[in-house]
Amino acid sequence: MSLTEQRPTAGGTRTFVVGAYSTRKPKPAAVPATPDEFAAVRDPQARIDEAVGLARAIDLEVVRPIVVGLDAVRPATYLGKGRVEEIAQAVKDDDVGLVVMDCALSPVQQRNLERAWGVKVIDRTGLILEIFGSRAHTREGTLQVELAHLSYQKSRLVRSWTHLERQRGGFGFLGGPGETQIEADRRIIQERMTRIEQDLEAVKRTRSLHRASRRRVPYPVVALVGYTNAGKSSLFNRLSAAEVMAEDMLFATLDPTARSVTLPHGGKAILSDTVGFISDLPTMLVAAFRATLEDVIEADVLLHVRDVSHTDTLSQAADVNAILRELGIDPDGGARIIEVWNKADLLDEGERQRLLNVAEGRPADQRPVLVSALTGEGLDRLLATIEDRIARGRGVFLVSLEPEDAGLANWLHEETEVLERRTDDNGRLSIVVRVAPEKEPRLLNRFRGARQIR
């Protein structure tokens, strides 16, 4: 089997999706659970629905989703012997060509299941990698996905290969033992990974230059983060009038996109849409996409977009928070993070009112904003909240201009956020502006009479 033959053929393949989930009971209601513990007690039906959605995202024909209650993981096959035999018969009866296991399989478990069922088997990590591979379009995204895939593939070289005989080595008629094919394949993969890492370093330097040029403008950066299919791209399109692909599909968009957005008082910000997160996101993908996610790490404001109509919204939020921590971001970081409760249009009146009451009961710095990216509900309030968060730490100045200096007001409109403008009876112009700390020296140098009022 060659390296390229290890990847499944997606489109149209008849597929079983098997979700093997723990049967342990969640904590009693009397014991309050922390937000991150919700991830451990996710609803099995929601989990299998998500796994089916992942499979369909790369056009797999899902014949049957199968939920298996799991009391313990078997080292050899993950599932118990009876379940393995039951699924083997179902695979044969339904002419299935691929089985997706909604869990992380060891290489040995994957090999043994393939032998038992006689078909290709991929686990959740492999499935997500396939989706990312089909969604990446930019050079950076393609390189990052390939790097993650090779890292995953390198750990799978214990599988049932048919060409693991030793190659001849040395010179002349009597060669040394040489290296096994598996060692040669591992070396080839490592060499390719090294080349990709070098290419990504060059891309990263280019991205750093772009980021540095934005700082010189500078506009604040507002990054969208959230669980996949929470509506980030739809919200991005609404706020920025862009046309990023937004469909009811897991990982509809992968490559990052940035657009300018105008705030209520005329100020501008850079809005950055990033890849969606998901539970059990492969570690190698988090590492590979770290350069892309630097916009998230360095953003002035993070919008944590949540689908509040989803039954597992609390678990999804916990998964996003866990990945943010991996990136070195405190999800309880106060004013920097705004929770955006999206898909309000899917709520009934009772649930909408309950959520509004919950939001109002939170401290002002942690109060979520209920919106609908589809209808536009709540977006004005969201923009005002973004503007307020960006404004914290920025000085507000009163600038007075004589009638003959009114032309200087253009500079203020271009370089600061104009909050108020009025003209007195003598034609004297008074402008109240909010300015970023790095621009204060330029403002004070250009307008000697400027006075800070807060």
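Student: Which exposed residues sit on the face of helix 11 turned away from its buried side?
Tutor: E349 and G350, in this predicted model. Exposed means over 50% relative accessible area.

Student: Which residues make up the buried side of helix 11?
Tutor: R352, L355 and A359. They cover an arc of only 65° around the axis, so they lie on the same side of helix 11.

Student: Why do residues three or four places apart point the same way?
Tutor: An α-helix has 3.6 residues a turn, so such residues point the same way.

Student: What does the buried side of helix 11 pack against?
Tutor: Strand 9 (337–342) and strand 10 (369–370).

Student: Why does A359 count as buried?
Tutor: The cut-off is under 20% relative accessible area. A359 has 6% relative accessibility, so A359 counts as buried.

Student: Which residues is A359 in contact with, leaving aside neighbours within four places in sequence?
Tutor: W341, R367 and P368. Contact means heavy atoms within 4.5 Å.

Student: What lies at the start of helix 11?
Tutor: A side-chain oxygen of D348 comes within 3.2 Å of the backbone nitrogen of G350. A polar contact needs N or O atoms within 3.5 Å.

Student: Why is helix 4 called largely enclosed?
Tutor: Of its 12 residues, 10 are buried, so the rest of the structure largely encloses helix 4. Among them are L127, I128 and F132.

Terms used. Residues are numbered from 1 along each chain as its sequence is written. This is a predicted model: local features need pLDDT of at least 70, side-chain atom pairs count only at pLDDT 80 or more; totals for chains, interfaces and linings use all residues. Side-chain values use heavy atoms; hydrogens and water are left out. Buried means under 20% relative accessible area, exposed over 50%, partly exposed in between (1.4 Å probe, protein chains only). Helices (H or I, at least four residues) and strands (E, at least two) are DSSP runs, numbered from the N terminus. The arc is that of the directions from the helix axis to the C-beta atoms. A polar contact is a pair of N or O atoms within 3.5 Å; within protein, one must be able to donate a hydrogen and the other to accept it, and residues adjacent in sequence count only if both atoms are side-chain atoms.
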